[in-house]
Amino acid sequence: MSCSAAPNSLLLDIKLAIEHIISIDKQTVNGSINDSVINDKLRHDILDILVSYSDRIPHPASSIGTSTGISNSDASENKDKTNSPTLIRWQILAYVAGIDLTIAKWFESHLDALSILHEVGYDQPTVGLWAVWASEGNRDPITYQQGPTSGISSGTKTWCSGANIVDYGLMTYRDQHGDSQLLVVDMQQSGIESDNSGWQAVGMQATDTASIKLNKVVANNVGVANAYLDRVGFWHGAAGVAACWYGAAATLAGYLITAYQQKPNDYKAMYLGQISTALAVTQQYFYHVADLLTSQPNTSHQLAIRQLRANVEQLARLVIESVGQALGAAPFCANAHFARLAADLAVFIRQSHGAFDLQKIGELTSDTTGHLTEEQDNIWQL
């Protein structure tokens, strides 16, 4: 397990580009995100910058020297010092989340779509902004018919974040056999209507989440049946969402460090110690899981990633609560960046599935006992 992360040159490039756009925005002070108001224009300007770096950001579990994010020369010269490609990806997502969770939500979905397409062998150009929309269970599911030249899709897709801004949507649907399939939909064509009226969220309010109605829309079926759910990358991608949660939580905790340094007292120190311990443990687990994906890229690591997500969700709740106890109402009421991040994070972590996730962790944990060695009394033995 890594003790600390090596410098991430790609992340540094992205930071410089984003700090520049923040510094020239009229509503910022000295280019500091903590002093800025993220309006729609700035949010989309930052997203455009991030998308321009898409082809340099590694896919999860990609190999050093073969991913798009790391050159062969960098890999040969820095083999022992360079972060794993997976960790590089997570560091970028965590950084973006610390700026704004709406941007992080859009960008994580965009990167996930590109990684899914890579895994299922999609060989068409992927320029523009992408999103993955995989929610199912509504009363008007997507249907797809293969035509002479291309497929026609109809139906409704719900919980589509970025519905009105993306160029291409990667949507799931169930075929006549009940198998999960993937569609690529060009969102600029006619026959597509989006309805944002059902999105009443306060946290994550700006995500442009809508129900999308398709009416005889041209779409392309990609991958084989159940490829979306069965591929090992399904769980690798799920860890990227946790990196967003972690980045936001770490940024909120940073406000407590600043407050303590400006005006120390024992109570702030106690809460800071509690949060620092939890963050450090979770940070090390991210390093561990990144190493797992790099060393065993063809394994899903579902148990480890489910545990990671559950741990980060618990951490996020702890940070929101404890920073609030330490600092009172002031940052929630007087600091736009803190208030938005705290409200957004409380909603974003609900992308986990609570008790269902814990149930699956329990089942998977039980299954691993069949692989104990003679030296092990139980799976947690040191």
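Where does Met-204 lie? Met-204 is in the loop between β6 (192-195) and β7 (210-222).

## The model

This is a predicted model, in which local features need pLDDT of at least 70, side-chain atom pairs count only at pLDDT 80 or more, and totals for chains, interfaces and linings use all residues. Residues are numbered from 1 along each chain as its sequence is written, and side-chain values use heavy atoms, with hydrogens and water left out.

Helices (H or I, at least four residues) and strands (E, at least two) are DSSP runs, numbered from the N terminus.

## Two residues with positive phi

Most residues other than glycine have a negative phi. Met-204 has a phi near 60 degrees, a positive value in a residue other than glycine. With a relative accessible area of 4%, Met-204 is buried. Buried means under 20% relative accessible area, exposed means over 50%, and partly exposed is in between (1.4 Å probe, protein chains only).

Trp-159 also has a positive phi, near 55 degrees, and is not a glycine. Trp-159 is found in strand β3 and counts as exposed, at 59% relative accessibility.

## Helices α1 and α4

Two packed helices are described by the angle between their axes and the distance between the axes. Axes here are lines fitted to C-alpha atoms, for helices over the stretch in contact, and angles run from 0 to 180 degrees between N-to-C directions. Helix α1 (residues 9-23) packs with helix α4 (residues 85-99) at an angle of about 25 degrees, and their axes are 9 Å apart. That makes α1 roughly parallel to α4. Angles under 35 degrees count as roughly parallel, over 145 as roughly antiparallel, 65 to 115 as roughly perpendicular and the rest as oblique.

The crossing of α1 and α4 is right-handed. A crossing is right-handed if the near helix is turned clockwise from the far one by less than a right angle, and left-handed if anticlockwise. On the α1 side, the contact is made by Leu-10, Leu-11, Ile-14, Lys-15 and Ile-18; on the α4 side, by Ile-88, Gln-91, Ile-92, Tyr-95 and Ile-99. Contact means heavy atoms within 4.5 Å. The residues of this contact divide into 8 nonpolar, 1 polar and 1 charged. Ala, Val, Leu, Ile, Met, Phe, Trp, Tyr, Cys and Pro count as nonpolar, Asp, Glu, Lys and Arg as charged, and the others, Gly among them, as polar.

By class, the contact of α7 with α8 has 17 nonpolar, 3 polar and 1 charged residues.

Helix α8 (residues 266-295) also packs with helix α9 (residues 302-327), at an angle of about 160 degrees and with the axes 10 Å apart. That makes α8 roughly antiparallel to α9. The crossing of α8 and α9 is left-handed, and their contact has 19 nonpolar, 6 polar and 1 charged residues.

## Nonpolar cores

A nonpolar core is a set of buried Ala, Val, Leu, Ile, Met, Phe, Trp, Tyr and Cys residues joined through side-chain atoms within 4.5 Å. The largest such core has 91 residues, and those with the most contacts inside it are Ile-14, Ile-18, Ile-46, Trp-90, Ile-92, Leu-101 and Leu-345. Helix α7 (residues 233-262) gives the most to this core, with 15 residues. A second, separate core has 14 residues, including Ile-116, Tyr-122, Leu-170 and Leu-182.

Leaving aside neighbours within four places in sequence, Ile-46 is in contact with Ile-18, Ile-21, Ile-22, Ile-99 and Ile-103.

## Two further residues

Arg-340 is in helix α11 (residues 336-348) and counts as buried, at 17% relative accessibility. Not counting residues up to four places away in sequence, Arg-340 touches Ile-38, Arg-43, Ile-99 and Asp-100.

Tyr-168 lies in strand β4 and is partly exposed, with a relative accessible area of 25%. Residues touched by Tyr-168, not counting those up to four places away in sequence, include Val-127, Trp-130 and Met-187. The C-alpha atoms of Tyr-168 and Gln-189 are separated by 10 Å, and these residues are 21 residues apart along the chain.
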